[in-house]
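Please look at the chain shown here. The report that follows walks through its parts.

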Amino acid sequence: LDGSNLRFEYTKKRGFYKAGTKQMMIDEKHENYGKGVTIFLNKYSDSLDKVFRSKHYREIQSFVCFAEFFGKKSIFGQHEPEDEFDVVLFDIDQYKKGFVKPKEFINDFGHAGIPKVLYQGNLNVQLKERVWNNELPGLEGQLKEGLVFKGVIDKGFVPLYYCKLKTKSWMDELKEKYGLKRYEEEFK
């Protein structure tokens, strides 16, 4: 999903009460991202509220939900105003507990609509090369941007790890469109 990252804050008392991008707060009236707020609330409010109030999450009072806002024509975080948009939930941070672990996220929130899980297993150099060359088995040539990986290094108290692996074709297109400087800044 190649779009823009949006975040939505939720408490059990107020429901979803705040939204933003990485840099600013937004609402449904925002010129560029207001549609994303509306889509998220319509698509996820009820189902996430039920999960957040379930036995498993009963002790957690607030959450920050992260979602990707994108359209059919979106690329490099740029959007066409008249495009057809969607929002897809991809992560949830639990107040004072951290991010929901990957398997738990799939099990507890998969019904609500999350990105398709394309791989489960060890992240290794061979997999990195397959993504870079857009040769992931069963998806050869179909990755638009790349993949996001989330995992747990160890079963002990170790934070989750996250990384993005981009395809060479996406990186080359970014470099061609915005030049070497943007390419280097994006992936330092």
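## A lysine and its neighbours

Which residues does Lys12 touch, not counting residues up to four places away in sequence? They are Phe52, Arg53, Tyr57, Arg58, Glu59, Ile60, Gln61 and Phe63. Contact here means heavy atoms within 4.5 Å.

This is a predicted model, where local features need pLDDT of at least 70, side-chain atom pairs count only at pLDDT 80 or more, and totals for chains, interfaces and linings use all residues. Residues are numbered from 1 along each chain as its sequence is written, and side-chain values use heavy atoms, with hydrogens and water left out.

Lys12 is in the loop between β1 and β2. Its relative accessibility is 15%, so Lys12 counts as buried. The cut-offs are these: buried is under 20% relative accessible area, exposed is over 50%, and partly exposed is in between, with a 1.4 Å probe and protein chains only. A polar atom of the Lys12 side chain lies 2.9 Å from the backbone oxygen of Tyr57. Lys43 is 31 residues from Lys12 along the chain, and their C-alpha atoms are separated by 18 Å.

## The sheet

Six strands form an open sheet. Their order is β3-β2-β1-β4-β5-β6, and the pairing is antiparallel. β3 (25-26) and β6 (98-99) stand at the edges with a single partner strand each, so one side of each has no neighbour in the sheet. Strands (E, at least two residues) and helices (H or I, at least four) are DSSP runs, numbered from the N terminus. Two strands pair if DSSP finds at least two bridges between them.

β1 and β2 form a hairpin with three residues between them. Five bridges pair them in the antiparallel sense. Tyr10 has Phe16 in β2 as its bridge partner. Another hairpin joins β2 to β3 through four residues. Two bridges link these strands, and Ala19 stands opposite Ile26 in β3. Further along, β4 (residues 62-71) and β5 run antiparallel, joined by nine bridges. Glu68 has Val88 in β5 as its bridge partner.

## The helices

α1 lies across β1 (4-11), β2 (15-20), β3, β4 and β5. α1 runs at about 45° to β5. For such angles, axes are lines fitted to C-alpha atoms, for helices over the stretch in contact, and angles run from 0 to 180 degrees between N-to-C directions.

Helix α2 (residues 102-109) has the buried residues Pro102, Phe105 and Phe109. Seen down the axis of α2, they fall within an arc of 70°, so they line one face of the helix. The arc is that of the directions from the helix axis to the C-beta atoms. The face turned away from the buried side of α2 carries exposed Lys103 and Asn107. The buried residues of α2 pack against α1 (34-52), β5 (85-94), β7 (146-152) and β8 (160-166).

## The cores

The largest nonpolar core has 30 residues. Such a core is a set of buried Ala, Val, Leu, Ile, Met, Phe, Trp, Tyr and Cys residues joined through side-chain atoms within 4.5 Å. Phe40, Leu48, Leu89, Ile92 and Phe109 have the most contacts inside this core. β1, β2, α1, β4, β5 and α2 each supply at least two of its residues. α1 gives the most, with six.

A second, separate core has eight residues, including Leu127, Val131, Leu143 and Leu147.

Note on methods
A polar contact is a pair of N or O atoms within 3.5 Å; within protein, one must be able to donate a hydrogen and the other to accept it, and residues adjacent in sequence count only if both atoms are side-chain atoms.
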